[in-house]
Every structure is written in structure tokens, then in C-alpha cells.
Amino acid sequence: MQIDVRGLLEEQVATLGSRQAVADALGVSRTAVSLYLAGKLEANGGRVDRFESRAIERFCDRVLCPYLGSDISRESCQSNCDRAIPTSDPAALRHWAACQRCSLNASRTGQETAC
């Protein structure tokens with residue numbers, strides 16, 4: 001399966017709010033993100049393959065948890081969704097309940113995510 005890195009980055013710009021936020025998350029300049037999205041990174045001497053692998057590594061293995069308001073690993077997300085109901089920790093119970101209703105819960109939707 002081929003990953004649409006440009007689409008992935010555009011989605012992250014929408015989620016994080018700016019190209020600068022995406023650049024910060026990737027550890028690159030905002031200019032590099034803008035050049036890539038415009039299809040001009042390679043023309044300016046950029047290493048598209050390295051840039052794309054960094055973006056895939058950073059954004060495909062992580063999800064933005066609506067409950068926590070931060071990104072977590074996809075594995076951590078799914079393990080919290082699949083775990084038994086926590087009965088001794090009210091905060092864990094609230095998180096678990098939110099996961100049961102979440103659109104990222106693959107068990108609930110019956111489908112895998114794009115990455």
C-alpha cells in the first residue's frame with residue numbers, strides 16, 4: 001500500500017493548525033514543508049525520500065487523541081481501547097469511556113486506519 005505523504009501532511013497542517021507546527025513536529029524548517037507541499041522540494045536540492053520517510057515515521061505511527069489533546073502512539077491508542085474497564089482509577093475510567101466512543105477506535109469502526 002502506497003502512502004500519500006502529501007495528503008498526510010496536508011491533514012497534519014489542518015490538525016495542528018499551521019505548516020510551522022508540522023515543521024516543528026518533523027524537526028525541519030517551515031520552508032521545507034511548504035516546498036514539499038508545493039512539489040518543489042526536490043527542485044531546490046531537498047532530499048524528498050528522507051523528508052517523506054521522516055513524515056511517515058512521525059505521523060503514521062501516531063494519532064491525535066481527542067481525549068488527551070495530544071498525539072500518542074497508535075499502539076497505545078488501541079491498547080487503551082481494548083483493555084478491560086478500569087475500576088479503581090476514575091481518570092483512567094473517563095479515558096477508557098472516551099475511547100469506547102472515539103472514531104479512532106478500530107474495534108468500534110471495524111476498519112484499519114490509512115497508515
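Which residues does L26 touch, not counting residues up to four places away in sequence?

Analyst: The model is a predicted one. Leaving aside residues up to four places away in sequence, L26 touches L9, V33, F51, R54, A55, R58 and F59. L26 also belongs to the largest nonpolar core, a group of 17 residues. Within that core, L26 is among the residues with the most contacts, together with L9, V22, V33, Y36 and F51. Four helices each supply at least two residues of the core: α1 (5-16), α2 (19-26), α3 (30-37) and α4 (48-59). Another core, of six residues, lies apart from this one, and V63, I72, C77 and C81 are among its members.

Helix α3 also holds S34. The relative accessible area of S34 is 16%, so S34 counts as buried, the limit being under 20%. The side chain of S34 makes a polar contact of 3.3 Å with the side chain of R19.

The protein has 115 residues, and 30% of them count as buried. Taking contacts between residues at least 6 apart in sequence, 45% join residues at least 24 apart. The accessible surface of the protein comes to about 7300 Å², and carbon and sulfur atoms account for 48% of it.

Key:
Residues are numbered from 1 along each chain as its sequence is written. This is a predicted model: local features need pLDDT of at least 70, side-chain atom pairs count only at pLDDT 80 or more; totals for chains, interfaces and linings use all residues. Side-chain values use heavy atoms; hydrogens and water are left out. A nonpolar core is a set of buried Ala, Val, Leu, Ile, Met, Phe, Trp, Tyr and Cys residues joined through side-chain atoms within 4.5 Å. Buried means under 20% relative accessible area, exposed over 50%, partly exposed in between (1.4 Å probe, protein chains only). Contact means heavy atoms within 4.5 Å. Accessible areas come from the Shrake-Rupley method with a 1.4 Å probe; for residues, only the protein chains shown count as cover. A polar contact is a pair of N or O atoms within 3.5 Å; within protein, one must be able to donate a hydrogen and the other to accept it, and residues adjacent in sequence count only if both atoms are side-chain atoms.
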